[in-house]
Amino acid sequence: MGTVLSVIEVGFSVILIFLVLLHSGKDAGLSGAFGIGGGGSAFGGGSLVERNLTRWTIFFGVLWALNAIVILKI
């Protein structure tokens, strides 16, 4: 069980890294390469795509944290 949860944790980590790199920052990050950037606030987002990207990042971050807690309890 612990091994399966550890593999899932690695998967969540890779997804989170990818999602965070897609966010636009000071230099527009990788999101500019995919046409996602374009301004807006950090949490509000300028477009529907940015808001959805933020929601997915938070969703996978919560899953990652919950999975880490479960792994610690085993």
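Good morning. The model is a predicted one, in which local features need pLDDT of at least 70 and side-chain atom pairs count only at pLDDT 80 or more, while totals for chains, interfaces and linings use all residues. Residues are numbered from 1 along each chain as its sequence is written, and side-chain values use heavy atoms, with hydrogens and water left out.

I begin with the overall picture. The protein chain has two helices and zero strands; helices (H or I, at least four residues) and strands (E, at least two) are DSSP runs, numbered from the N terminus. Of its 74 residues, 20% count as buried. Here buried means under 20% relative accessible area, exposed means over 50%, and partly exposed lies in between, with a 1.4 Å probe and protein chains only. The accessible surface comes to about 5,200 Å², and 75% of that belongs to carbon and sulfur atoms; these areas come from the Shrake-Rupley method with a 1.4 Å probe, and for residues only the protein chains shown count as cover.

Let us turn to helix H1. This helix covers residues 2-22, and its end C-alpha atoms are 30 Å apart, in agreement with the 30 Å that its 21 residues should span at 1.5 Å a residue. The expected span is 1.5 Å times one less than the number of residues. Which residues of H1 are buried? They are Leu-5, Glu-9, Phe-12, Leu-16, Leu-19 and Leu-22. Seen down the axis of H1, these buried residues fall within an arc of 140°, so they line one face of the helix; the arc is that of the directions from the helix axis to the C-beta atoms. On the other side of H1, the exposed residues are Thr-3, Val-7, Val-10, Val-14 and Ile-17.

The partner is helix H2. The buried residues of H1 pack against H2, residues 48-73, where contact means heavy atoms within 4.5 Å. The buried residues in H2 are Glu-50, Leu-53, Thr-54, Thr-57, Phe-60 and Asn-67, and they pack against H1 in turn.

Two of these residues show the packing in detail. Thr-57 counts as buried because its relative accessibility is 14%. Leaving out residues up to four places away in sequence, Thr-57 touches Leu-16, Leu-19, Val-20 and His-23. With neighbours within four places set aside, Phe-60 is in contact with Phe-12, Ile-15, Leu-16 and Leu-19.

What makes up the largest nonpolar core? Its six residues are Phe-12, Leu-16, Leu-19, Leu-22, Leu-53 and Phe-60. H1 gives the most to this core, with four residues. Such a core is a set of buried Ala, Val, Leu, Ile, Met, Phe, Trp, Tyr and Cys residues joined through side-chain atoms within 4.5 Å.

Finally, the aromatic residues. Rings of Phe, Tyr and Trp (its six-membered ring) pair if their centres lie within 6.5 Å; planes under 30 degrees apart count as stacked, over 60 as edge-to-face and the rest as tilted. The count comes to four aromatic pairs. In one of them, the rings of Trp-56 and Phe-59 have centres 5.8 Å apart and planes at 90°, so this pair is edge-to-face. Both residues lie in H2, three residues apart, about one turn of the helix. Trp-56 is partly exposed, at 48% relative accessibility, and Phe-59 is partly exposed at 43%. Phe-12, Trp-56, Phe-59 and Phe-60 form one aromatic cluster. Thank you.
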